[in-house]
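Keep the structure open beside you and try each task before reading its solution.

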Amino acid sequence: MNMEKRDIILREIQYWRRTRLLSEQYCDFLTNLYEDEGKVKSENPITLQNLQQGNIKIWLFAFGIISLILLIGFYFSVFPWGLQLATALSVLVVCYGYASLWRDRMPAIGLSLAGIGSLLMLGFGLWMISLHSLNPQVWIPILVGACGLVWIILGFQLRIGLLQFSGYGALSLLYAGFAARLRPEAGLWELQLLWLPLCVLMIWLSWLLYHRVKGVSGVYFAVGAALWLMPEIDSLLLRHDYPQWISLLLIGKIATELAVLFLFRKKWIAWVAT
């Protein structure tokens, strides 16, 4: 009996020792985790705490950025065209460059810089077209196409789906403009033939690439879903010549699309998630 009690006591002692060791390891893990998070947070110099402490580097940096923006805004129109182009490219390189650097460490700042760079790219282009009195019917499509290609490439490189989607949106506008010039008298059913094959193509590419290329399947699927409604949107916004029942057709297509998405939700959500 004494031997049995001794064995029980020894087993209990060993059990509590193992429990204590696991508790210490878990505490060390939590400590290291919080220290790593603190290091990551401290990498961001632009914080309210640093501003409140009067970090002179941050204030000088802000002064320089604001002054540079004002100088470009005031004197851009008097620059020669070569300097205008160099200035615009420099600003875009800075925005997209820092967006790529901060995309993982500070996602909010990285996404904001990518969005600012995209707006500035379009804004600088329109500004230069206006300043030099260039033919808008020629240069605006060139600008839209260039913006679309750059946004698609950078969106893929930076893993920003919204930027890729905006690029395909710009190319869709360019396609709609060319179609309106070539076939201004196209009816609603002809527009279905112009847009719906592109819708099927993008959905097919989404299915084809979701195991092969990371970060594009969801974008292609979203573009394909948007193109499903483009014939009606094209007719309403660009051609202004549409039958009275087009609103009923648009509502019917939206209901059909939602029904298909609901029925095949397990498949397309897998594409988007990858």
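**Exercise 1.** Describe how helix H7 (residues 161-182) and helix H9 (residues 217-227) pack in this predicted model.

*Solution.* 
- Start with the geometry: the axes of H7 and H9 are 9 Å apart, and the angle is about 40°.
- Next comes the hand, and the crossing of H7 and H9 is right-handed.
- Now look for the residues in contact. H7 brings Gly161, Gln164, Phe165, Tyr168 and Ser172, and these meet Val219, Tyr220, Ala222, Val223, Ala226 and Leu227 of H9.
- Sort them by class: eight residues of the H7 and H9 contact are nonpolar, three are polar and none is charged.

**Exercise 2.** Work out how H6 and H7 are oriented to each other, and which residues meet.

*Solution.* 
- Take the angle and the distance: H6 and H7 pack at about 150°, with 7 Å between their axes.
- Angles over 145 degrees count as roughly antiparallel, and H6 and H7 are therefore roughly antiparallel to each other.
- For the hand, H6 passes H7 in a left-handed crossing.
- On the H6 side, the contact residues include Val144, Gly148, Leu149, Trp151 and Ile152, while those of H7 include Leu163, Gly167, Tyr168, Leu171 and Arg181.
- By class, the contact of H6 with H7 has twelve nonpolar, seven polar and one charged residues.

**Exercise 3.** Find the second largest pocket and say what lines it.

*Solution.* 
- Begin with volume: the second largest pocket holds about 400 Å³ of space.
- Then go to its centre. The lining has 16 residues, and Leu85, Phe124, Gly125, Met128 and Leu143 lie nearest the centre.
- Trace the lining back to the helices: helix H4 (81-102), helix H5 (107-131) and helix H6 (136-158) each supply at least two residues.
- H5 gives the largest share of this lining, six residues.
- Finish with the classes: 14 lining residues of the second largest pocket are nonpolar, two are polar and none is charged.

Key
Residues are numbered from 1 along each chain as its sequence is written. This is a predicted model: local features need pLDDT of at least 70, side-chain atom pairs count only at pLDDT 80 or more; totals for chains, interfaces and linings use all residues. Side-chain values use heavy atoms; hydrogens and water are left out. On a 1 Å grid over the protein atoms alone, a cavity is a set of points where a 1.4 Å probe fits but cannot get out, and a pocket is an open set with protein on both sides within 12 Å along at least five of seven lines; lining residues have an atom within 4 Å of a point. Grid points are joined across faces, edges and corners, and a volume is the space filled by probe spheres set on the points. Helices (H or I, at least four residues) and strands (E, at least two) are DSSP runs, numbered from the N terminus. Ala, Val, Leu, Ile, Met, Phe, Trp, Tyr, Cys and Pro count as nonpolar, Asp, Glu, Lys and Arg as charged, and the others, Gly among them, as polar. Axes are lines fitted to C-alpha atoms, for helices over the stretch in contact, and angles run from 0 to 180 degrees between N-to-C directions. A crossing is left-handed if the near helix is turned anticlockwise from the far one by less than a right angle, and right-handed if clockwise. Contact means heavy atoms within 4.5 Å. Angles under 35 degrees count as roughly parallel, over 145 as roughly antiparallel, 65 to 115 as roughly perpendicular and the rest as oblique.
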